[in-house]
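Have the viewer open as you read.

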Amino acid sequence: MRNKTVDEIVEKYARVATPRYTSYPTAPHFEPAFPEATYRGWLSALDASEPISLYVHIPFCREMCWYCGCNMKLVKREGPLAEYVETLLKEIALVRAAMPGRVPVAHLHWGGGTPTALSPDQIARIMDALRVAFDILPDAEIAIESDPRTLTEPMVTRLAELGFNRASFGVQEFDPKVQRAINRIQPPEMVAKAVGMFRRHGIAAVNFDLIYGLPYQSVETLLHTVDLVSEMGPDRIALFGYAHVPWVAKAQRMIPEESLPDARARAAQASAAARALTEAGYRAIGIDHFAKPEDGLARAQAEGRLYRNFQGYTDDPAATLVGLGATSIGRTPQGYIQNQPETRAWARAIENGALPVAKGRAFAGEDLMRAAVIERIMCDGYVDPDAIGARYGVPAGWWGPERDSLRDMERDGLVQCGATGLRVTSKGAPLARIVAAAFDSYFAASKARHSVAL
């Protein structure tokens, strides 16, 4: 039997839609109308000495990007921002009151939307409230997402004063035609200026996001972007495939379907960009991240302590992530929780003295075991399911059905299954989501729609 060509493998697998596995069970399996009292119980049961992570969601942007699938609101007036800040301060107090003490925080991430849509004073008020409610450790990573199109020097100055030490930009693509098609006009000079501002004020750690599969994008345009990005020298780069989900993200309806590259073109873009980034000195991390060798993410990978959460790959080992703000998702040792996604419903709950819970999922059955297997596949490309099963009292060989479901991928040289576990080959690495899906006991029966694997 002849070996399949790369193009044949792409045709066979690249269009398979799978979750991104930033959680397990994945968000479509969170239960609606989850009891607020259950989440309160989870928070009260935390070990007050164990460091946690915090995520603060600011769902506002000053500019609309048509490719974006995030929960965001275009804001032109200051009133909604001020109201959101006041409500967020009340949520912080509610969460703190539900906890057993002033718990330590090792990682704090501000996402959105665009957190820097707020004023420097508003960000300072929220940071002050967080420092009162939580013990933010002296060496904590404090990161913020920002938009070079609206970033100002006074904002960066204040962020440095407030202790932020990592910044993230959505670069996506520098080609002017692609930028017009996604409504995000930001020349390389604009991004370089923003990077320079952060570094000049002592915020040296910088992350970039790049996207392949965008309208009118080609291998050539993306490689030119990689060249420009490499010159700016960000510490970490995420290379995501554009997820065209206009049934969820209405702004994506502005992007003509015929302008999008097909599966082969997407695969060629992803492969070429990944190769260029590694040639530029970055190390590949998991399926879609790259880091300088001295960066903490690269060290975590080398030492086998890489993790995956709602922000992607991380060296954060915390078992608890507390989400604050509309639509934010958190995790405790007992399960997942998601806040109300609509800002008015989120605010109403808080004004009534309730944690703004919308959905949740308590771990049950084999969830934790399967979550551990999936995380190792996504992070390491290798897993010993029997060793993980033993930790949960499950007999060896439990993953026979999963192994059988991967036979086709094994024949195509994408995975290797042996007595010591399962390994994703270099050829199969970009398709690790499909391998992980074999261990997802909810996936086959799910009616949820997902983005394609590549």
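Tyrosine 55 sits opposite glycine 323 in β14. That's one spot in the parallel pairing of strand β2 (residues 52-58) with β14, which runs over four bridges. Two strands count as paired here if DSSP finds at least two bridges between them. The strands themselves (E, at least two residues) and the helices (H or I, at least four) are DSSP runs, numbered from the N terminus.

Before going further: this is a predicted model, where local features need pLDDT of at least 70, side-chain atom pairs count only at pLDDT 80 or more, and totals for chains, interfaces and linings use all residues. Residues are numbered from 1 along each chain as its sequence is written, and side-chain values use heavy atoms, with hydrogens and water left out.

Back to β14 (residues 321-324): Leu321 and Gly323 point one way, Val322 and Leu324 the other way, and all are buried. Buried means under 20% relative accessible area, exposed over 50%, and partly exposed in between, with a 1.4 Å probe and protein chains only. In a regular strand, side chains alternate between the two faces of the sheet.

Which strands make up the open sheet with β20 in it? Its three strands come in the order β18-β20-β19, with antiparallel pairing. β18 (382-383) and β19 (415-418) are at the edges with a single partner strand each, so one side of each has no neighbour in the sheet. Here are some antiparallel pairings, each with one of its facing residue pairs.

| Strands | Bridges | Facing residues |
|---|---|---|
| β18 and β20 (residues 421-424) | two | valine 383 and leucine 422 |
| β1 (residues 31-32) and β17 (residues 357-362) | two | proline 32 and lysine 359 |
| β16 (residues 335-339) and β17 | five | asparagine 339 and valine 357 |

Now for two single residues. Tyrosine 392 lies in the loop between α13 (385-391) and α14 (400-405). Is tyrosine 392 buried or partly exposed? Its relative accessibility is 39%, so tyrosine 392 counts as partly exposed. Leaving aside residues up to four places away in sequence, tyrosine 392 touches Leu368 and Met369, where a contact means heavy atoms within 4.5 Å. Glutamate 366 is 26 residues from tyrosine 392 along the chain, with 8.5 Å between their C-alpha atoms.

Glutamate 231 has its place in helix α8 (residues 219-232). This glutamate counts as exposed because its relative accessibility is 67%. Glutamate 231 and alanine 280 are 49 residues apart in sequence, yet 9.3 Å apart in space, C-alpha to C-alpha.

Zooming out, the chain has 16 helices and 20 strands. Its C-alpha atoms fill a box of roughly 65 × 55 × 40 Å along the principal axes. The radius of gyration is 22 Å, which agrees with the value near 22 Å for a compact globule of 454 residues. That radius is taken over C-alpha atoms, and the globule rule is 2.2 Å times the number of residues to the power 0.38.

Of the 454 residues, 54% count as buried. Among contacts with a separation of 6 or more, 71% come from residues 24 or more positions apart. The chain exposes about 19,000 Å², with carbon and sulfur atoms supplying 53% of it; the areas come from the Shrake-Rupley method with a 1.4 Å probe.
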